[in-house]
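Thank you all for making the time this morning.

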Amino acid sequence: MTWLAHYDQVSQQGESLLEHLRLVSLRASDFASAFSASDEAYLAGVLHDLGKYGENFQRRLKGELKGVDHWSAGAAHALNLYQLDGVAVALAIQGHHIGLQSATKDSLTDLSPDKLKAGHYSGLVPSYATPDLLYADDIDLPKPGTVTSIYQWGVNNASSMLDVRMLFSALVDADFLETEAWFNRDEKGERRYRPAGMQLDPKEALSALLAYVQKLAKESRAAVEIIKMREQLFSACRNAGDKYGQGLFTLTAPTGSGKTLAMLAFALAHAARHNLRRIIVVLPYLTVIEQTVATYREVFRTFLGDHDLKRYVLEDHSLSPGRTDAAHVDDDTNLERLFSENWDAPIVVTTNVQFLESLFSNRPAACRKLHRLARSVVLFDEVQTLPIRLVIPTLGTLSRLTERYAVSVVFATATQPAFTYLDHQVKKQSTLGWQPREIVSDSGALFTVAKRNRIEWYQHGEPIAWDEIADMVARGHEALCVVNTKRQAKLLFEKVKARCPEGVFHLSTNMCPLHRKQTLDRVRTLLQQNRPCYLVSTQCVEAGVDIDFPVVFRSLGPLDAIVQAAGRCNRNALWKNSNVYIFLPQDESYPDSAYEQATDVAASLFKARGYEKLGAAELELFDRYYKELYSVRGINSAHYQNDELLEAIQRQDFVKVGQLYRVIPQDTLNALVPYDKGAFHRLAAEAREQGLSYQWIINARPHSVSLFRPRSPTDPLYFCLEPISIRPGKSERLSNEWYIYRKEEDYDLETGLNPSLAPEAIIA
């Protein structure tokens, strides 16, 4: 009998199971060689489809059975033959279709041959087989005791779970690529593989970066001392990348100091020194990602063609080609989608949601790229945005990447969280703990040079009414005011507009990206012309927006938010006297309880120092702030503690950990909005006629707003949302990510979308 792995109903051809097992095992072994787990990955590849030697699976290929489990047989034999050394292999095999499950004794016992034969643990029909058929096909298994597992039984922490995921990643990516190649056979019936990703050439890339930075310096309008500060930071990062061995690093530098390019210089020099394979850049905001990708591609344009730029600097987030449910894509975007599936690119720019949730996922699609992390540099920018409730398992997992997988991790920000105070807790998750090296030995000197403004309390911290706040903002010629919520921003905007005849603007993520861009362009023009300009904004202006006001007002908030707001005041040191004023509204509100807790910590520190000059750019103040935040009032408080997640890690429950680890707890959706009426109606008509496509998403992104997903199908918001078909005319499948916003009157050309039926859907 010829045992088959796959069967193509169109061509009525089958793929030999023997060939499939050999190819997957060799490819998985090659992937795992980057972290010295070749033998274990080879074993997983050989056994992963053992159940396909069973009669039940062969009947399933013929259409005679449904709901057949072909994965448990291989997992069961891995445990039977290799005992504890086979646990990681068994978990990877068991999960290569259904996701990683659990490493508890009870769950592994469910994989015993007797239990599988008696009745399947999940109600599926088992396709049971023994290794005898492997041997008959001349496939030998390593002898017990000759395979050293990367998984240590009984070490129940985040590190041990990562070890399983890395092996799992090598297996599922190898399996997917080989299966894909067989189903994409050419006219001769030969396997057709996707193109290989480009290779990182760090020395050539660093030369291009140096040329680009020199060009920027010549064109800069900033003061001489600011230009010199940026050059100093860049040089320090490049030298450190070449000087230091691999490990954990921090990059602490003031806003406006050029961290985006400086940390890339570190990564390229580090990759050249240690022969590393790729650079992963992790950012918290979509707007910053788009800016960073555009900048990096411009850097490398000198030695790459436009087509190769997308393959060299890969953009991967929820709206990128590999993450959309669009039905059809063209050749170029299809390549980008393929590379984003498993991060087969020299430089990957992604979100902290995509990166971190993949590190804790149990799903094959999310985990298949993880093996690409081995021998890389991972750059986290604006790391202060990491949710504190996830800090301990996150640091433990990143520490394990450094300890076991030759990954250097860099945490970059102006307000460096004092994570070293959590070292003893992190060591419970990874023996390395968290003791990073600072890249810039004298960060304080950079902050001294970058001290372009004074931060002071307004009216000694006494609560003030919104009308008085509006008077305060309108009193000058130019001013930026940042508040904590969208509702406050809309209220204050209307009050300031009533006081000023011209030049008043609103900024928040209620506004679609095109609306925000055009608003900021107008604001920059007025500032350059020295005309009246008043901008009332939420925290979105603090997310890497390059804008420069002579005076900034900031509602009391977390220290890192205040410092980020201060980074929009006299950014280029063009004014001699500039001030940032902190004020406290009478009826202050906050986006969530964690934000409020961080605000309380900042307020207590400020009060202890007095209500005069705060010196918020002092590194000592950051240290005190974070230490307090992680104390009894912080990391161990009800606001931040995540006992359920830590308990799931202790149980090695991959399913539960994947469910509980969420950077953004509440799910969101995207709505096409009518800021530009012509574009809105054109895009809406195209979506209705042709359905969702990648190109449509690219065109719609500037005209869309993110909203909290309603928790109930009867939520009023759904009456405002028209779902978009993925394959119009072919199926009833609708996108759960993209909608058309029906109530056009809800979009205000000054303040953006204000859902009249569901105001709670607005993300604070």
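This is a predicted model: local features need pLDDT of at least 70, side-chain atom pairs count only at pLDDT 80 or more; totals for chains, interfaces and linings use all residues.

**The second largest pocket and its surroundings**

Let me begin with the residues that line the second largest pocket, which divide into 16 nonpolar, 13 polar and 12 charged, where Ala, Val, Leu, Ile, Met, Phe, Trp, Tyr, Cys and Pro count as nonpolar, Asp, Glu, Lys and Arg as charged, and the others, Gly among them, as polar. Residues are numbered from 1 along each chain as its sequence is written, and side-chain values use heavy atoms, with hydrogens and water left out.

The space in this second largest pocket comes to about 1500 Å³. Of the 41 residues in its lining, Arg 230, Gly 256, Asp 546, Arg 571 and Asn 572 are the closest to the centre. As for terms, on a 1 Å grid over the protein atoms alone, a pocket is an open set of points with protein on both sides within 12 Å along at least five of seven lines, a cavity is a set where a 1.4 Å probe fits but cannot get out, and lining residues have an atom within 4 Å of a point. Grid points are joined across faces, edges and corners, and a volume is the space filled by probe spheres set on the points.

Which helix gives the most to this lining? That is H10, with 5 residues, and among the other helices that supply at least two residues each are H11 (224-243) and H23 (513-528). Helices (H or I, at least four residues) and strands (E, at least two) are DSSP runs, numbered from the N terminus.

The largest cavity has about 70 Å³ of space, and its lining includes Val 282, Leu 283, Phe 380 and Asp 381. Strand E6 (278-283), helix H16 (352-359) and strand E9 are the elements that give two or more residues to that lining, which by class has 7 nonpolar, 3 polar and 2 charged residues. The second largest cavity, at about 30 Å³, has Asp 69, Leu 116 and Tyr 128 among its lining residues.

Rings of Phe, Tyr and Trp (its six-membered ring) pair if their centres lie within 6.5 Å, and planes under 30 degrees apart count as stacked, over 60 as edge-to-face and the rest as tilted. By this rule there are 22 aromatic pairs. In one of them, Phe 35 and Tyr 405 sit edge-to-face, with 5.2 Å from centre to centre and 70 degrees between the planes. Because Phe 35 lies in the loop between helix H1 (17-32) and helix H2 (38-47), and Tyr 405 in helix H18 (residues 391-405), the pair ties together parts that are 370 residues apart in sequence. Both Phe 35 and Tyr 405 are buried, where buried means under 20% relative accessible area, exposed over 50%, and partly exposed in between (1.4 Å probe, protein chains only).

The rings of Phe 380 and Phe 411 have centres 5.2 Å apart and planes at 70 degrees, so this pair is edge-to-face. Phe 380 counts as buried at 5% relative accessibility, and Phe 411 counts as buried at 1%. These residues also belong to a cluster, linked by ring pairs, of Trp 343, Phe 355, Phe 380, Phe 411, Phe 419 and Trp 434.

Finally, the charged pairs: the structure holds 35 salt bridges, each being a side-chain nitrogen of Lys or Arg within 4 Å of a carboxyl oxygen of Asp or Glu. Arg 191 and Glu 19 meet in one of them, at 3.7 Å from N to O. Since Arg 191 lies in the loop between helix H9 (158-183) and H10, and Glu 19 in helix H1, that bridge ties together parts 172 residues apart in sequence. Arg 191 is buried, at 16% relative accessibility, whereas Glu 19 is partly exposed, at 37%. I will end with Asp 173, Glu 180, Arg 194, Glu 341, Asp 344, Arg 368 and Arg 372, which are linked in a network of salt bridges.
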